[in-house]
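Dear colleague,

I am passing on the structure below, together with notes on what was found in it. Please read the notes with the coordinates open beside you.

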Amino acid sequence: MQLIRGFHNLDKYSALNKGCVLSIGNFDGVHIGHQNILSRLCDKALDLDLPSVVMLFEPQPREFFAKKSGNLTACTPPARLMRLRDKLKYLAEAGVDFVLCVRFSEKFAQISADDFISDLLAKRLKVRYLSVGDDFRFGAKRAGSFETLRNAGLKYRFAVEESHTHSLNEERISSSLVREALQNNDLALAETLLGKPYSIHGRVAHGNKLGRTIGFPTANIMLNRLVTPIQGVFAVKVNTKIGSYNGIANVGNRPTINGTKPLLEVHIFDFNASIYGEAIEVVFLQKIRNETKFESFDALKAQIEQDVMAVRKYFQAV
């Protein structure tokens with residue numbers, strides 16, 4: 001799979017000269033509904049002997065408008081399930097040929113629906129087949145709709161198909177449903193919807209090293225997202241390049257020490273290697289408790305000791 005950053009780089013890829021099949025969306029989580037859409041897209045690419053392309057946006061549009069408003073409380077974007085790097089990994093595994101990552105900006109947001117179709121879809125991408133949700137909106141003031149695309153397809157000679165809705169127990173599978181499962185601490189349901197356990201990938205960064213002063217050194221991952229989908233203390237599996245380990249993780253702002261930015265802190269059991277700067281995956285298995293602000297650092301230490309005992313018991317039982 002190849003990543004194309006922006007429409008201005010399309011000319012570098014001769015494989016797209018004769019057209020493509022395309023799907024547009026956030027694909028946050030790349031859940032089983034997305035996986036079915038991508039499977040259909042790749043099948044269509046084979047039928048038409050064209051490359052498959054997924055168009056997505058960074059930042060995601062609702063993240064952009066939330067930042068623009070300057071009031072994240074009044075205009076809260078959805079919690080991001082995964083970073084772009086992880087999304088690309090799963091899109092590649094699904095068999096997609098190209099990902100066109102478009103920078104969502106004020107300028108891009110002002111492109112009219114007609115220009116989006118005529119210039120970007122028809123002229124630049126030469127789309128022959130397009131798969132989008134029936135609730136898809138695009139263009140300045142969200143003026144474009146699924147029907148707009150259907151009508152344009154007749155003019156520009158590309159087929160438009162609704163991304164088939166996939167359901168679980170009669171409920172539509174969506175990124176929102178995954179977020180709801182995580183918010184309700186239903187990690188089993190989230191795993192069913194995603195087709196894989198919920199995890200967070202990232203590189204281990206240096207922290208304030210308070211953990212090591214109380215016997216619980218942590219590997220820290222900066223989350224770099226406006227809203228995190230989970231929060232609290234969890235039993236986790238940590239996958240590193242030298243093996244998999246059990247551990248305990250906290251996701252949150254660390255209120256006891258007046259933290260302000262969301263952070264993932266992982267204490268890996270029976271592990272003493274240095275992994276600063278290395279990429280790890282933290283797989284969430286069981287929630288232990290919510291994040292809490294304690295009266296003192298000593299009170300936090302006492303709670304961590306209890307949490308570690310609870311997580312070790314969890315792993316002994318599974």
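Of the 318 residues in the protein chain, 48% are buried, where buried means under 20% relative accessible area, exposed means over 50% and partly exposed lies in between, with a 1.4 Å probe and protein chains only. Please keep in mind that this is a predicted model, in which local features need pLDDT of at least 70 and side-chain atom pairs count only at pLDDT 80 or more, while totals for chains, interfaces and linings use all residues. Residues are numbered from 1 along each chain as its sequence is written, and side-chain values use heavy atoms, with hydrogens and water left out.

The overall form comes next. The protein chain has ten helices and 14 strands, taken as DSSP runs (H or I of at least four residues for helices, E of at least two for strands) and numbered from the N terminus. Its radius of gyration is 22 Å, which agrees with the value near 20 Å that a compact globule of 318 residues would have; the radius is taken over C-alpha atoms, and the globule rule is 2.2 Å times the number of residues to the power 0.38. The C-alpha trace spans about 70 × 40 × 40 Å along its principal axes. Among contacts with a separation of 6 or more, 72% are between residues 24 or more positions apart, a contact being heavy atoms within 4.5 Å. The chain exposes about 16300 Å², of which carbon and sulfur atoms supply 47%, by the Shrake-Rupley method with a 1.4 Å probe, where for residues only the protein chains shown count as cover.

In soluble globular proteins, nonpolar side chains tend to be buried together. The largest nonpolar core here has 34 residues, and those that touch the most other members are Leu-22, Ile-24, Met-55, Leu-121 and Leu-125; such a core is a set of buried Ala, Val, Leu, Ile, Met, Phe, Trp, Tyr and Cys residues joined through side-chain atoms within 4.5 Å. At least two residues of this core come from each of strands E2 (20-24), E3 (52-58), E4 (98-103) and E5 (127-132) and helices H4 (106-109), H5 (113-124) and H6 (146-156), with H5 giving the most, five residues. Leu-22 is in contact with residues including Leu-41, Val-53, Met-55, Leu-121, Leu-125 and Tyr-129, once its neighbours within four places in sequence are left aside. Apart from this core lies another, of 30 residues, among them Leu-81, Leu-187, Ile-275 and Val-282.

Val-283 belongs to strand E14 (residues 279-289) and is buried, with a relative accessible area of 9%. Not counting residues up to four places away in sequence, Val-283 touches Pro-197, Tyr-198, Ser-199, Ala-235, Val-236, Lys-237 and Asn-239. Between Val-283 and Val-238 the C-alpha to C-alpha distance is 6.3 Å, although 45 residues separate them in sequence.

Turning to charged groups, side chains of opposite charge can pair when their charged atoms come close. There are ten salt bridges, each defined as a side-chain nitrogen of Lys or Arg within 4 Å of a carboxyl oxygen of Asp or Glu. One of them joins the side chains of Glu-161 and Arg-40 at 2.8 Å, N to O; because Glu-161 lies in strand E6 (residues 159-162) and Arg-40 in helix H1 (residues 32-48), the pair ties together parts that are 121 residues apart in sequence. Glu-161 is buried at 18% relative accessible area, whereas Arg-40 is partly exposed at 34%.

A salt bridge also joins Lys-241 and Glu-278 (3.6 Å, N to O), linking the loop between strands E11 (232-240) and E12 (243-252) to the loop between strand E13 (263-268) and E14, with the two residues 37 apart. Lys-241 is exposed at 66%, while Glu-278 is buried at 18%. Arg-312 and Asp-270 meet at 3.8 Å, N to O, the former in helix H10 (residues 297-317) and the latter in the loop between E13 and E14, 42 residues apart. Arg-312 is partly exposed at 35%, and Asp-270 is exposed at 68%. Salt bridges that share partners also join Glu-58, Glu-63 and Arg-80 into one network.

Finally, Arg-179 sits in helix H7 (residues 175-183) and counts as buried, at 16% relative accessibility. Leaving aside neighbours within four places in sequence, Arg-179 is in contact with Asp-28, Pro-78, Ala-79 and Leu-81.

With best regards
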